[in-house]
Amino acid sequence: MIRYKGELLVLISTLCWGSSYSFIKVVQRELNSFNLMALRFSIAFVLSALLFNRIFRETLRIGLVYGFLLGLALFCGNGLLTFGLKYTTIANAGFLLGMTVVFAASIETILTRKKPGRNLLLGLLFSVIGIGVLTLTDAIQVHRGDLLCLIGARVFAVHLFVVQKAMRTCDPLGLCILQFGFTALFAWLSTSFLEMPKLPVSGSVWGAVLVLAVFGSAIGFLCQLSGQRYTSPTRTAFI
């Protein structure tokens with residue numbers, strides 16, 4: 001029952017993630033990619049740090065290195081997804097990120113030196129077939145945005161295993177807040193050097209940023225890391 005409760009939290013995280021792609025498209029009308037990430041994860045960091053202040057301070061003393069690594073992985077993965085959405089459809093991006101399960105299974109096989117079971121192999125097979133049908137053109141080419149999302153899926157798979165290792169010594173909520181902070185820091189540095197950072201102008205874009213910060217970031221990742229404590233990275237990727 002504990003495992004099922006953990007996987008329910010991961011499912012809630014999946015719902016938050018899946019609904020966030022449309023809002024990214026809305027924000028991209030006014031903001032550049034790194035600018036969006038900077039605002040999104042800054043708000044998520046402030047909200048979650050205020051809500052779980054004691055846990056955050058305790059994790060800050062022992063989990064700074066893991067927070068840095070998770071923040072770097074989250075920054076790279078979200079950056080690839082955000083840029084990829086400029087050049088592909090929401091459906092393509094969502095489905096390609098499903099390749100995380102393939103990469104997670106391959107990493108787990110290497111780490112544990114155990115062959116994947118029959119159900120896992122069937123799931124991987126259907127994932128690969130579906131991705132091919134969805135993204136390959138008549139000329140057997142993959143669009144630029146699809147490739148960026150695919151690389152992002154690989155990064156998110158690595159993120160899952162770093163989370164699994166970090167949770168042996170650190171509280172998942174504290175780790176999540178730390179990764180928000182580092183992701184926001186990397187995004188602000190990137191938008192300052194590579195873009196022209198600014199605030200949204202229209203109310204609809206501000207609303208989309210807040211939805212991404214609260215649901216697509218804060219609630220989504222807090223549920224994922226809390227739920228992943230009770231299940232494996234590969235099962236998390238499947239969900």
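The expected span of a helix is 1.5 Å times one less than its number of residues, and helices here are DSSP runs of H or I with at least four residues, numbered from the N terminus. The model is a predicted one, in which local features need pLDDT of at least 70 and side-chain atom pairs count only at pLDDT 80 or more, while totals for chains, interfaces and linings use all residues. Residues are numbered from 1 along each chain as its sequence is written, and side-chain values use heavy atoms, with hydrogens and water left out.

**View 1. Helix α7 (residues 100-112) and its span.** The 13 residues of α7 should span 18 Å at 1.5 Å a residue, which agrees with the 18 Å between its end C-alpha atoms. Its buried residues (under 20% relative accessible area, with a 1.4 Å probe and protein chains only) are T100, V101, V102, F103, A104, A105 and I107. After α7 comes R113, whose phi is positive, near 60°.

**View 2. Helix α1 (residues 2-18) packed with helix α11 (residues 203-228).** The two helices pack at an angle of about 160°, with their axes (lines fitted to C-alpha atoms over the stretch in contact, with angles from 0 to 180 degrees between N-to-C directions) lying 7 Å apart. That makes α1 roughly antiparallel to α11, a term for angles over 145 degrees.

**View 3. Helix α3 (residues 33-51) packed with helix α10 (residues 172-194).** Here the angle is about 150° and the axes are 8 Å apart, which makes α3 roughly antiparallel to α10. Among the α3 residues in contact (heavy atoms within 4.5 Å) are F34, M37 and F41, which belong to the group meeting α10 residues that include I177, F180 and W188.

Methods:
Parallel < 35°, antiparallel > 145°, perpendicular 65-115°, else oblique. Buried < 20%, exposed > 50% of the residue type's maximum accessible area, 1.4 Å probe, protein only.
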